[in-house]
There are 2 protein chains.
Amino acid sequence: MNLADMSKSELQDFYQEMRTAYEALQAKQLSLDLTRGKPSAEQLDFSNELGHLPGDTFIAADGTDCRNYGGLFGITDIRKVYAELLGVEIDEIIAGDSSSLNMMFDLISFAYLWGTQDSSRPWKDEPTIKWLCPVPGYDRHFTITEHFGFEMIPVPMTADGPDVAECARLVAEDPAIKGMWCVPIFGNPTGITFTREVCEALASMNAAAADFRIIWDNAYAVHTLTDTFPEVVNVLELAAQAGNPNRFWVMTSTSKITFAGSGVAFFASSKDNLNWYSNHASVRGIGPNKINQLAHAQFFGDAAGLKAHMAKHAASLAPKFAAVLRILDERLTAAGVASWTKPEGGYFISLDVLDGTASRVVELAKEAGIALTAAGSSFPLHKDPNNRNIRLAPSLPPVEEVKVAMDGVATCVLLAAAEQLLNQ
Amino acid sequence: MNLADMSKSELQDFYQEMRTAYEALQAKQLSLDLTRGKPSAEQLDFSNELGHLPGDTFIAADGTDCRNYGGLFGITDIRKVYAELLGVEIDEIIAGDSSSLNMMFDLISFAYLWGTQDSSRPWKDEPTIKWLCPVPGYDRHFTITEHFGFEMIPVPMTADGPDVAECARLVAEDPAIKGMWCVPIFGNPTGITFTREVCEALASMNAAAADFRIIWDNAYAVHTLTDTFPEVVNVLELAAQAGNPNRFWVMTSTSKITFAGSGVAFFASSKDNLNWYSNHASVRGIGPNKINQLAHAQFFGDAAGLKAHMAKHAASLAPKFAAVLRILDERLTAAGVASWTKPEGGYFISLDVLDGTASRVVELAKEAGIALTAAGSSFPLHKDPNNRNIRLAPSLPPVEEVKVAMDGVATCVLLAAAEQLLNQ
């Protein structure tokens, strides 16, 4: 029965029922963790062959000795795999060290310190820098722009991607808006994939700032939970056609494909943007870890090999996502106090609970031994204006633990809702 | 015979003799490269076992699964090897990705953007930032401080290290001096190792800037060419004793120990400095490549294993350095137009030719197919005030090529000197 339709006394009974259920939950003394989008040990095992690679072969296809210094853009062996996956040219993509987050930070840092090639001055010399942040979004993105002191403007997500009409309106009128965060495929935390129309709109909208950039974090480009892969829209091409060739900084990595902390990160963009990046990155250092790149190229073989590898991840993750969705449905649908996304890929489910109760749900869960990502984490400055969003990350624990944890979370959601409704 | 003692006609004859030798050199159509301090293929082979590591073992000594995310400071398995080598505590050292240069750039960048914990404001908000640069020094160091727009103040090197009286005088009186570059052991390009007294003076000198930092790039800490290792002075301890606990940012890496582009870099400093670094580095990303760190820990075993490994490098490099020094002595001593360092470790020999002729020597060598590091490279802004310094890097080519190249360089030095003396 929908909690909104209950009489006060029915609600009181329901509260007591949930209170009892919660005390039983606490009595289990659980220690479960749904906080971060980490691969499970089972998933990591899929890539254990990497521990033996590159073996005795250290020479890249172009003759480069990967053991020595040099090669700021990385080796073509691995760049060509990702050029194919992203649908870009090989001279539009750089392979780096392990972390695309590192590269995103550096891109912003370089633009802040020295300006982009399209900037009239370094961003640090602008009176204000503003940044569009589709919400809910990725906490580590927002932490970077917070750290640089940018004013973050939340933009609502729709089922098709960010509200592009709102984005276009904001960007057209305000030259202080220098950038935007996007996770275009199986986004963090919604699991939403931007439609081609949304991609086209973002590529072609008029920006008041000539140096407006979209950080296109395609972290989950091939992270399907089904047997089909999403279309990877080539935004570099769309932007060039629209006369905005330098708009996109496209990022991706193998972090949730091979080993999470020691994969290969990629930066794809216009040649102008890559040249600008290398002007600064070449001062920062000599080049990325080519041995790790060669090992990954050997491991995948080609883009088809990488996709075949992703099928193993899908087989491991899909039952966990199915369990979460089934429990949410069984426990919460009737009560009418929550809604959630049903992603077909990625690492997260975005759960909206009764307005005003997200932080209470996380607190209750914590006191029952279930760690959830802090409420508000998916919003700039951790401020969820409705205090309703919770990011669920079911990848790390075994499926049986996911079930126990989610059943507990559902109890917390219902208990917090009943508390709130009784206090109104 | 010393060229300075020659009559005009003797000098003319000598010039003709060198011209003839130079033309013979050109006729050989060489293609040799003494530009960069790269390990040779033979040296890289010493570490080929790394291609098979970490094998099937992914768990660090403390139970960390190195395949997953996490651990901004790196794993203790490799940190303890370098803590022992540097004589610091394990909680005073961070293991990072492959490049210590990357970390040096980031340290300066973080201080520039946000200030150090001892700064009254971010360095970007200072009217001027100045930086002490012992010369000759490492070109990539100077390029970083140039890129940030710092005013670089050359300080002369002596046989014991930088002129500390001059450093102390400058640093005491000018609060705009925020830092200093140092390569304390087998320095680039001189091969000079700072004496303990110099280390003590640098640790204890009074600095007008409370946030004065010395980047202590101990890149060649164990890179001996003999069977003895230099003392690694613990400057963190010296600085703490002198009341300047946050003065040193100590850097090192395995770049010239295992594979040049894919080793492990380290940052050792006070706990306060490491905390300050992590405040920013934790925004930049999640953590370094722990798989590579584990592979290196397995490969070395311990500090003694690492030193045993360095003996192989010494055996490979010593004959090349000996060949360079013998040819320089045989070809140049009598002429009295050059002097050079005789390092017992590191990757470079610093050659001073007749004042005003270094760029001509490099040009002549180039036209004879011998690539030398550009004249002036070892000075801030590439400006060698005497146009006399040339950095020789004999590590990369096989010893027979080193001999041919150096004999050619000697001819160029003598020809350039004769040209200059005849034109006076």
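**A look inside**

Guide: The lining of the second largest cavity holds 12 nonpolar residues, 10 polar ones and no charged ones. Ala, Val, Leu, Ile, Met, Phe, Trp, Tyr, Cys and Pro count as nonpolar; Asp, Glu, Lys and Arg count as charged; the others, Gly among them, are polar. This is a predicted model, so local features need pLDDT of at least 70 and side-chain atom pairs count only at pLDDT 80 or more, while totals for chains, interfaces and linings use all residues. Residues are numbered from 1 along each chain as its sequence is written, chains are lettered from A and ligands numbered from 1 in the order in which they are written, and side-chain values use heavy atoms, with hydrogens and water left out.

Rolling a probe the size of a water molecule over the atoms shows where empty space is left. A cavity is a set of points, on a 1 Å grid over the protein atoms alone, where a 1.4 Å probe fits but cannot get out. Its lining residues have an atom within 4 Å of a point. Grid points are joined across faces, edges and corners, and a volume is the space filled by probe spheres set on the points.

Back to that second largest cavity. Its space is about 230 Å³. It is lined by 22 residues, and A:Leu53, A:Ile291, A:Asn292, B:Leu53 and B:Asn292 are the closest to its centre. Both chains take part: α10 (290-300) of chain A and α10 (290-300) of chain B each supply at least two lining residues. Helices (H or I, at least four residues) and strands (E, at least two) are DSSP runs, numbered from the N terminus.

Now the largest cavity. It holds about 510 Å³ of space. Its lining has 35 residues, with A:Asn102, A:Arg284, B:Asp97, B:Asn102 and B:Arg284 nearest the centre. They divide into 17 nonpolar, 12 polar and 6 charged. At least two lining residues come from each of β2, α4 and α9 (271-284) of chain A, and from each of β2 (93-95), α4 (100-114) and α9 (271-284) of chain B. In the whole structure, a search finds 10 cavities of 30 Å³ or more.

A:Ser99 sits in the loop between β2 (93-95) and α4 (100-114). A:Ser99 counts as buried because its relative accessibility is 17%. Buried means under 20% relative accessible area (1.4 Å probe, protein chains only). The side chain of A:Ser99 reaches the backbone nitrogen of A:Asn102 at 2.9 Å. It also reaches the backbone nitrogen of A:Leu101, at 3.3 Å. Such a polar contact is a pair of N or O atoms within 3.5 Å; within protein, one must be able to donate a hydrogen and the other to accept it, and residues adjacent in sequence count only if both atoms are side-chain atoms.

Helix α3 (residues 76-86) is mostly covered, with 8 of its 11 residues buried. Among them are A:Ile78, A:Val81 and A:Leu85. Just after α3(A), A:Gly87 takes a positive phi of about 75°.

Last, step back to the chain. Chain A has 13 helices and 13 strands. Of its 424 residues, 61% count as buried.

Terms used. Buried means under 20% relative accessible area, exposed over 50%, partly exposed in between (1.4 Å probe, protein chains only). On a 1 Å grid over the protein atoms alone, a cavity is a set of points where a 1.4 Å probe fits but cannot get out, and a pocket is an open set with protein on both sides within 12 Å along at least five of seven lines; lining residues have an atom within 4 Å of a point.
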